[in-house]
Amino acid sequence: MSADRSDATTGPVVPEQRGVRDAARAEVLARHGRLTRAGRPIFCRPSRAEVAGRALPRPGSDGKVIYSTREDAEAAARELEALGARPLRSYICARSRGGHYHLTTDAPRTGHLPLHLRIPQQRTPLSA
């Protein structure tokens, strides 16, 4: 059996990747993410100076896939949502100098709840 999976199915060749749930998600990352020469997505990581302690650690998103443009990130988000992912939004990484983007899940919004349900309630005292 071929390691590049070119004979497995029709369509684009997707290399084996760790951490990707299925071939459809892998194809989305290969289509929109920044890729290595081998065709794998590039993940955001600390610089060598940060790892060695020569530079202060910058806030950022270690371990997330890098998207070159906001449009690429948003297109990937829409496709991943169509595959069953939670709602995603793109944001610029604080770690990057040139400005690359990542995806994050949106926090559940409580703004649509009535005011009396948004206010934290004090717990009732426990009875002995």
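In this predicted model, residues 24 or more positions apart account for 47% of the contacts in the protein chain with a separation of 6 or more. The protein chain has 128 residues, of which 25% count as buried, and its secondary structure comes to four helices and two strands. Followed along the sequence, these elements give the pattern α-α-α-β-β-α.

**Confidence**

The pLDDT of the protein chain averages 78, and 76% of the residues score at least 70. Among the elements of the chain, helix 3 has the highest mean pLDDT, whereas helix 4 has the lowest, as the table sets out.

| Element | Residues | Mean pLDDT |
|---|---|---|
| Helix 3 | 70–82 | 93 |
| Helix 4 | 115–118 | 74 |

Over residues 1–12 the pLDDT stays under 50, and for this stretch the model has eight contacts beyond four places in sequence. Where pLDDT is low, the predicted coordinates should not be read in detail.

**Helix 1 and helix 3**

Helix 1, which covers residues 23–32, has an axis that comes within 9 Å of the axis of helix 3, and the two cross at roughly 170°. Because angles over 145 degrees count as roughly antiparallel, helix 1 is roughly antiparallel to helix 3. The crossing in which helix 1 passes helix 3 is right-handed. On the side of helix 1, the residues that meet helix 3 are Arg25, Val28, Arg31 and His32, and their counterparts in helix 3 are Asp72, Ala75, Ala76, Glu79 and Leu80.

**Two buried residues**

His100 sits in the loop between strand 1 (88–92) and strand 2 (101–105). Its relative accessibility is 7%, and since buried means under 20%, His100 counts as buried. Leaving aside residues up to four places away in sequence, His100 touches Arg34, Cys44, Ile66, Tyr67, Tyr91, Ile92 and Cys93. The side chain of His100 is also joined to the side chain of His102 by a polar contact of 3.3 Å.

Glu50, for its part, belongs to helix 2, which spans residues 48–52. With a relative accessibility of 13%, Glu50 counts as buried, because that value falls under the cut-off of 20%. When residues up to four places away in sequence are not counted, Glu50 touches Ala55, Leu56, Pro57, Arg58 and Arg95.

Terms used: Residues numbered from 1 in each chain as written. Predicted model: local features only at pLDDT ≥ 70, side-chain atom pairs only at ≥ 80, totals over all residues. Heavy atoms only, no water. Buried < 20%, exposed > 50% of the residue type's maximum accessible area, 1.4 Å probe, protein only. Polar contact = N/O pair within 3.5 Å; in protein donor to acceptor, adjacent residues only side chain to side chain. Contact = heavy atoms within 4.5 Å. pLDDT = per-residue confidence, 0-100. Axes fitted to C-alpha atoms, helices over the stretch in contact; angles between N-to-C directions. Parallel < 35°, antiparallel > 145°, perpendicular 65-115°, else oblique. Left-handed = near helix turned anticlockwise from the far one by under 90°.
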